[in-house]
Amino acid sequence: MKDFDKTEWALVIAFPVLLALMVLLPRWLVNYVQISMGMGLVALAVMIQMRAGLVSFGQGLYFCVGGYAAGMADKFLGISDIFLILILAVAASLVLSGVLGLLLRRYREIFFAMLTLAVSMILFSLLSSSHGLGSTDGFNLPQASYLGWTPTGETGTAALYVLTALLTLTSAALIHRFLRGPVGKIVEAIRENELRVEYLGTSAHASVHATYMIAAVISSIGGVLWAMSLGHVTPEMANWTTSGQFVFIVILAGTGNVIAPLVGTFVLEVLRVYAVEVSPNTWQMILGIVMLLTIVFLPKGLWSLLERASKRSLPHEHAQEQSQ
Amino acid sequence: MTHSTLSRISSHWLAATLALAVAPAAMAQEEKTFKLGVVSFLSGGASGPFGVPSRNAAELLADAINNGTVPAPYDSVGFAGTLIEPVFVDEASKNVVADYQRLVQKDEVDAIVGYNSSGSCVAIAPEVEKLETLTVMTACGTSQIFEEIVTEPHYLFRAASHATMDNVAAARYVVEHTPAAVDKLGEIAGINQNYSWGLDSWRDFSASIQVLKNDVGIANEQFPKIFAGQYGAEISALLTARADVVHSSFWGGDLEALVIQGAGRGLFGRTQMVLTSSDTAIHRLGRQIPDGTIIGARGSYNIYAPDSELNSWFRQAYFDRYGVYPVHPAYQMVNAMLGMKAAADKAGEGTEEAIIANLKGLSFDTPGGIVDMALAGGHQAITGTSYGTYKFDKDTGLGTVENIVSFKAECINPPAGLTSQEWIKTGFEGADCD
């Protein structure tokens, strides 16, 4: 634990904080914290691809793969054990992203965005027209079980919350390590100048492919956690509007840190809740205005506020960090 | 200011802060209102044809009930004296279930009415029983709710018939009341949206027709995407298929597009069109809907609503406030709210428990006729419905319907204990159509 940096320590401390929130906050707000963690993982996946300059407008694909893996495991195999479900979801997303990555890694910019969107809409259409899976109505999921233990009611909700928090924070910490590691650095270099990366002797394609697969895996974990906590899946998970929402979150939150999209998801959810309350007919306008203001005044997202604050208080330390 | 007033003020403040912090319910108790969550689409493609009419109806009716201006037997104030305080929520959300939990736990509503989409209803149905809050679904059509998802409901009700009724009645209208079409009826075709509503509607309609008349084939099935807006290719396919009857459960903008594009290319002239959810288009399209088209309104609503004091009051009040006449989603919202009022009035108290106990199995009058909570142990409504053929009245410039046939609820709804699918397969066993 000695080589933990500030972000990793923050993630470690976040665990007891999240547990405390579960006890302290009212139930409805805990619900939003919980679903925000599931969705936050997908936003995180969008963020790491954005580091490479790739905007995925189809991250809902793996979100949906995770959700449907959970649903179908119960429906067809009778599995409600969350660990088995997670393994299934991760396996499914690994295989799918491994294959799709072969194609997608060759495209950048708008072409990457459109292709990811297209692939995800294929799944959306397939699921919408499959009657056995409830078509657009989707279907309901069972209560999760944990290695033979099936808690119900309050205990069940609490168990899932603890697991969600644990998995989300662990995934975020691992992603943070990944971004600090060699592939993470290459990915940023690809955004700056891909040709030069190739001249330096590494394969841009391989790095993009790896990033794409990692993004797919954490999205599917997010999908499982989100679907299990809401107890329902629909093809809407793979719709481009869902994917667009994840891009929105990352723009709002910024790509500066792995914590940003997680917090950003929650902020956006709470913002939505109050926007609907204030003006049920035009709440999207409030979100839109916030989005515009963010882009105009905080082009690097809400996270840049924090960075600015720390720069002001610790000018030397920050300068050192930058020079590293 | 004396010391005692100061301390009194501060103790008041303390009490108020405490009340705010721990028990907003205590505050609500003082004012004695019935907080009613109203959920419908306020944005997106379904808001215009469905969501906003149901929201408006809820707003109108809440005011009218609070002022006691609804005609008899609903002319008393509030839910047995308790005033209604509506909270409007947009159903267009990625997290319908979490929003439902919020309404119950944060806004502490006494009950919830609404939900237009079957997807939302399927998602929240188990949650209703978990959170133990009275919820009356108004419009969603899927038969799954009580047949598969919540088989022993206590808190969950639905004040509208499910979609099976629309299509069974449409099939009966075609086979039994449209002699011109039925004599040569050999093949049917359908154009329905590629999602649950469209798929279920077509499945029920085609199965019902085949039960009612032997040797009817299916010439063509089209399932375009929802909100596609362009149906050129599908209309071509239907024109070449030359079916005698073409069924569609399109609604909203898609329906209007189909009517305009299909009528322009002669589809409506060549085959008998059956549009099961098309009353919403009449005021908007007028003469553009070809005469002879079979029109459904998902119940005896709107153009098919009975000539009663309750109905004429509702139509006029709605028109005066919103400038248009109410369409079927508005009627369905009224069904739910009047059912709750009837139950509360019967019990003599406007509480959640009283409404749950008395709404169960209740039969009550609405602008659209009698609603009978007959299925799922008294939690699922059955209503009658009507079909008719379109006739544009050139003198008044208004669309009308003729050859109206009203079907009794028992004729077109499955009996308790039988799922819709099974019931159609048995040849409508036990249907009472006299």
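These legends cover views of a two-chain model.

The model is predicted: local features need pLDDT of at least 70, side-chain atom pairs count only at pLDDT 80 or more, and totals for chains, interfaces and linings use all residues. Residues are numbered from 1 along each chain as its sequence is written, and chains are lettered from A, with ligands numbered from 1, in the order in which they are written.

View 1. An unreviewed UniProt entry marks transmembrane regions in chain A, including residues 82-103 and 246-271. Such annotations may be inferred rather than shown by experiment. Residues 82-103 of chain A are 100% helix, and the end C-alpha atoms are 32 Å apart. Residues 246-271 of chain A are 81% helix, with end C-alpha atoms 15 Å apart.

**View 2. The fold of chain B.** Chain B has 18 helices and 15 strands (DSSP runs: H or I, at least four residues, for helices; E, at least two, for strands). Its radius of gyration, taken over C-alpha atoms, is 23 Å, close to the 22 Å that the globule rule gives for 434 residues, so chain B is as compact as a globular protein of that length. That rule is 2.2 Å times the number of residues to the power 0.38.

**View 3. Where chain B touches chain A.** In chain B, 25 residues contact 27 residues of chain A (C-beta atoms, placed from the backbone, within 7 Å). On the chain B side, β2 (83-90), α4 (96-105), α5 (118-131) and α9 (196-212) each give two or more residues.

Key: Two residues are in contact if their C-beta atoms, placed from the backbone, lie within 7 Å.
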